[in-house]
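Work through the following exercises with the sequence and the model side by side. Try each task before you read its solution.

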Amino acid sequence: MKESRKEELSPLSSLDVWEDDVLKRYPEPGVPEKKKEEFRNYDSPENDSVREFYRLNHKYQTYGNVLAKKANFLQFDKKEMPWWAAMEYLNTLIDDSDPDTSLDQLQHLLQTAEAIRADGHPDWFVLTGFIHDLGKVLCLFGEPQWNVVGDSFPVGCKFSDKIVYPDFFSDNPDSTDERYNTKYGVYTHQCGLDNIHMSWGHDEYLYHITKDHLPEEALYMIRYHSFYSQHREHAYDHLLNAHDHEMFKWVDKFNPYDLYSKSPKPPVVSELKPYYEDLIAKYLPATVKL
Ligand SMILES: [Fe+2]
Ligand SMILES: [Fe+2]
């Protein structure tokens with residue numbers, strides 16, 4: 001690997017820069033254009049860093065990468081701590097983004113969860129909003145940004161041209177490997193997402209951490225919340241089965257809370273902590289193994 005220095009592998013000033021880019025692609029329906037423009041700054045150096053981020057992501061997210069990351073991280077032998085402590089641990093992820101405009105991780109999670117709660121959804125849905133990005137602790141374990149965030153997509157079959165920056169996949173060795181570069185690759189028609197390897201990142205990681213504890217609807221939200229080429233573009237209908245389609249209604253329900261819940265008034269962590277500690281205690285074990 002020629003690009004081996006950490007800075008070269010993690011070009012974003014903050015993980016939020018990727019999320020802001022998603023927001024530019026999928027702006028909130030009904031929000032006046034002027035407000036949308038606040039997120040748009042096409043001539044910024046951040047645009048170049050987003051491009052570079054996708055170049056690395058698309059080049060290195062191979063079938064082999066996913067199997068290797070699963071073999072490593074699904075041992076859950078890195079750290080064990082109470083859930084709330086893990087959320088605070090995630091919040092130690094500090095980056096060099098502008099502190100005036102960016103939310104810390106805990107605030108994004110609380111805002112997402114509070115917006116879900118305000119709409120009267122079930123408590124497991126609120127909890128899902130609260131923890132959905134905990135998998136980003138992968139960054140704290142030394143993983144480069146392209147192995148933590150970014151739009152997720154299936155590996156082991158042809159990369160869809162509906163994925164953002166599809167041209168960058170030409171540098172991915174799987175694109176010229178005939179085991180993986182056909183429409184179905186190693187899969188079969190509508191074999192179901194459970195039989196498919198998704199690109200590695202915070203979504204897949206947290207799914208495996210929570211899969212024995214949350215309702216299936218919550219697990220779909222966690223596992224596929226960055227799978228924009230499917231939930232926004234329907235690029236992989238040939239791999240989803242009928243049950244996946246049913247469950248994706250929940251992914252669609254969750255997505256606006258993730259993208260559009262930034263509120264001008266930051267939540268007060270100490271006021272909300274008791275409610276979330278209770279939710280954690282209701283659904284999750286006392287500690288989380290990372
Ligand atoms: Fe996320
Ligand atoms: Fe998020």
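Of the 290 residues of the protein, 38% count as buried, where buried stands for 20 or more other C-beta atoms within 10 Å of the residue's own, exposed for 12 or fewer, and partly exposed for what lies in between, with C-beta atoms placed from the backbone. This is a predicted model, in which local features need pLDDT of at least 70 and side-chain atom pairs count only at pLDDT 80 or more, while totals for chains, interfaces and linings use all residues. Residues are numbered from 1 along each chain as its sequence is written, and chains are lettered from A and ligands numbered from 1 in the order in which they are written.

**Exercise 1.** Compare the radius of gyration of the protein with that of a compact globule.

Solution. The rule for a globule, with the radius taken over C-alpha atoms, is 2.2 Å times the number of residues to the power 0.38.

**Exercise 2.** Find how helix H2 and helix H4 are placed relative to each other.

Solution. Helices are DSSP runs of H or I with at least four residues, strands are runs of E with at least two, and both are numbered from the N terminus. H2 (residues 16-25) and H4 (residues 45-60) pack at about 95°, their axes being 10 Å apart. H2 is therefore roughly perpendicular to H4, a label for angles of 65 to 115 degrees. At the meeting place, Val17, Trp18 and Asp21 of H2 face Glu46, Ser49, Val50 and Phe53 of H4.

**Exercise 3.** Decide how far helix H10 is enclosed by the rest of the structure.

Solution. Count first: 7 of the 9 residues of H10 (residues 216-224) are buried, so H10 is largely enclosed. The buried residues are Ala218, Leu219, Tyr220, Met221, Ile222, Arg223 and Tyr224. Next look for their partners, which are H8, H9 (202-210), H11 (228-231) and H12 (242-260).

**Exercise 4.** Is Tyr89 buried, exposed or partly exposed?

Solution. Begin by locating Tyr89, which lies in helix H6. Tyr89 has 17 C-beta neighbours inside 10 Å and therefore counts as partly exposed. Leaving aside neighbours within four places in sequence, Tyr89 is in contact with Met81 and Val137, contact being C-beta atoms, placed from the backbone, within 7 Å.

Key: Axes are lines fitted to C-alpha atoms, for helices over the stretch in contact, and angles run from 0 to 180 degrees between N-to-C directions. Angles under 35 degrees count as roughly parallel, over 145 as roughly antiparallel, 65 to 115 as roughly perpendicular and the rest as oblique. Two residues are in contact if their C-beta atoms, placed from the backbone, lie within 7 Å.
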